Amino acid sequence: MGRRYDPERRQRIIDAAIAVVGEHGIGALSHRSVAAAADVPLGSTTYHFATLDDLLVAALEQLSAEWVADMEHWERDTASEMPLADAMAGLMERLLERDRKRLELEYELYVAALRRTPVRPIVSAYLDDTAAQVVRRTGDLGAARATVALFDGLLLQLLLTGRPFDRDEARAAFERVTG
């Protein structure tokens, strides 16, 4: 029996890895669990991704590209005269209301870079890309990085504690950073 041509297999494996982490956490990620979720032979996962770190990098690259696209939409759709504090609080609210589980997945992969060195360049690029979006509003890279740090910190706290989002509190925090 010859090899079956399946040009979408690599992408299905990446999507399955994202689904496994999203449903069960990063601890459940294995070539075997991803192969089962993607409905491909185990050898396919190791053929396309020799290590789990390779698979994590691909998954995080995909999520980061989606994040950057979301940020570009946010930038286009947000009135330029809107104060940055209002815009950032609104973005947080939209993200938390839209798909909290997706946000948890993104941050779980983001935090994985603490222990998985190959993932760090993708997280670094995400931070740079996000700061580049915000700097267009602030005109100051330092203020943009501080705003992104606050954004990530507030979101992580909300996700970890389960506290409800308070738009006024978030807005006030951003206002202290952005002036």
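## A note on the annotation

UniProt positions are given here in the numbering used for this structure, and such annotations may be inferred rather than shown by experiment. With that in mind, the unreviewed UniProt entry carries the annotation "domain: HTH tetR-type", which covers residues 7–67. In this predicted model, the span of residues 7–67 is 77% helix and 0% strand, and its end C-alpha atoms lie 25 Å apart.

## The chain as a whole

Welcome to a chain built from helices: the protein chain has 9 helices and 0 strands. Reading from the N terminus on, the elements run α-α-α-α-α-α-α-α-α. The C-alpha atoms fill a box of roughly 65 × 30 × 30 Å, taken along the principal axes.

How much of the protein chain is made up of buried residues? They account for 41% of its 179 residues. Contacts tell another part of the story: among those with a separation of 6 or more, 67% join residues 24 or more positions apart.

## Aromatic rings

The structure holds 4 aromatic pairs. One of them joins tryptophan 67 and phenylalanine 151 in a tilted arrangement, 6.1 Å centre to centre with 45° between the planes. Tryptophan 67 lies in helix α4 (residues 52–77) and phenylalanine 151 in helix α8 (residues 141–161), so this pair ties together parts that are 84 residues apart in sequence.

Stepping back, ring pairs link Trp67, Tyr107, Tyr110, Tyr126 and Phe151 into a cluster.

## Where α6 meets α8

The angle between α6 and α8 is about 115°, and their axes are 11 Å apart. The crossing in which α6 passes α8 is left-handed.

Which residues of α6 and α8 meet? From α6 come Arg100, Leu103, Glu104, Tyr107 and Tyr110, while α8 brings Phe151, Asp152, Leu155, Leu156, Leu158 and Leu159. By class, this contact has 8 nonpolar, no polar and 3 charged residues.

## A look at alanine 19

For a residue in another helix, turn to alanine 19, which is found in helix α1 (residues 9–24). Alanine 19 has 30% relative accessibility, so it counts as partly exposed; that class lies between the cut-offs of 20% and 50%. How many residues along the chain separate alanine 19 from arginine 145? They are 126 residues apart, and their C-alpha atoms are separated by 30 Å.

Notes
Residues are numbered from 1 along each chain as its sequence is written. This is a predicted model: local features need pLDDT of at least 70, side-chain atom pairs count only at pLDDT 80 or more; totals for chains, interfaces and linings use all residues. Side-chain values use heavy atoms; hydrogens and water are left out. Rings of Phe, Tyr and Trp (its six-membered ring) pair if their centres lie within 6.5 Å; planes under 30 degrees apart count as stacked, over 60 as edge-to-face and the rest as tilted. Helices (H or I, at least four residues) and strands (E, at least two) are DSSP runs, numbered from the N terminus. Axes are lines fitted to C-alpha atoms, for helices over the stretch in contact, and angles run from 0 to 180 degrees between N-to-C directions. A crossing is left-handed if the near helix is turned anticlockwise from the far one by less than a right angle, and right-handed if clockwise. Contact means heavy atoms within 4.5 Å. Ala, Val, Leu, Ile, Met, Phe, Trp, Tyr, Cys and Pro count as nonpolar, Asp, Glu, Lys and Arg as charged, and the others, Gly among them, as polar. Buried means under 20% relative accessible area, exposed over 50%, partly exposed in between (1.4 Å probe, protein chains only).
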